[in-house]
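Please keep the structure open beside you as you read.

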Amino acid sequence: MATWLNWGLFCALFVSTFTTNKYVLSVLRFTFPTIFQGWQTAFGLGVMLLCSAMKLINIERKSRQEVLGWAHGIGFFVVSIFSGSKALSAVPIPSFVACQNMVEITLYVIRGVRTRKTGNTAVVMSAMMVLGSGLAAAYSDPQYSRMGYRWMAVHILSISLLLHAQNWRRPESFSDNDCLFYQYLCSVLVFIPGSVLLGDISDAYYFTHWYKMGFYFGCILSGLLGVLLNLVTIRIKATDPEMLPVLIAISKIILVSSSQWLFDVQYTSDFAFSLLVNMTTYLVFLWLQPMEDRPTVDEEPSSKLPQEVA
């Protein structure tokens, strides 16, 4: 497939995945994350097994000890998708994206502490502006939900820890496909009993859209889009890794711009200004981030999935 087709496919999958998830979680109000995420990870697991059987991707069978070596990453993944589902159901997409931009800054700080290096003044200032404007967007959100933003904070923390683990604490024998496969597998094993223990199974009995075809279509589409987005991301990262941050930034701009036409998003002047500053300084941060702040040859991290995909 041509490179530019991969780029266009990534942007389309990114926007449609977020949009579909928001529709199911917020519009239809299917707020049972153990069931929803259990379905998505089970669907993704099935697609990966099918692709492996067709020799489209390579998944290596790992021993119990090897899987346990990635248990911390699996745990961060489970928490991140659970908290992300809770947050997305209550937080409007523009503010969700603005807050999620903080993850990149958190990783920048962790990398600086680990390597004992500091960036130049412009990079540090742009990072501070991303953090400040992200917080401002959250507090000026006219649809502010305290519980939603609490889950957003958990999501940011868990995503940051997951990406840090993928960078420096991932078993050497694990490829990107292996990580994704075992994260899906263990998530299914966690969410199935979790849906019973947390009461989502019993609460879902009162869900009002069980007989609505749009609900089933949205659930199937969300599972399919999610796993395809992950697989396309792995492909782009292997062929053109420097382009991936650019594609993510472009996709975020498209997502934020289109969300106001697809969902009920309320704006105030303060909220709109905070979003504008956040997205602008985020782009500036990605552009200014110097190469010397990246890991050195001795510290070269293994490949990772971006935080939006997890």
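1. Let's begin with H5, where Ile93, Pro94, Ser95, Phe96, Val97, Ala98, Cys99 and Gln100 are buried. Buried here means under 20% relative accessible area, with exposed over 50% and partly exposed in between (1.4 Å probe, protein chains only). Because 8 of the 8 residues of helix H5 (residues 93–100) are buried, the helix is largely enclosed by the rest of the structure. Helices are DSSP runs (H or I, at least four residues), numbered from the N terminus.

2. A word on the source: this is a predicted model, in which local features need pLDDT of at least 70 and side-chain atom pairs count only at pLDDT 80 or more, while totals for chains, interfaces and linings use all residues. Residues are numbered from 1 along each chain as its sequence is written, and side-chain values use heavy atoms, leaving out hydrogens and water.

3. Next, look at Gln40, which lies in helix H2. Gln40 counts as buried because its relative accessibility is 12%. Leaving aside neighbours within four places in sequence, Gln40 is in contact (heavy atoms within 4.5 Å) with Asn21, Ser222 and Gly223.

4. Leu50 is also placed in helix H2 (residues 33–53).

5. Finally, which residues of H4 meet H9? They are Gly73, Ile74, Phe77, Val78, Ile81 and Phe82, and their partners in H9 are Tyr182, Gln183, Tyr184, Cys186, Ser187, Val190 and Phe191.

Definitions and conventions: Helix = DSSP H or I, 4+ residues; strand = E, 2+ residues; numbered from the N terminus.
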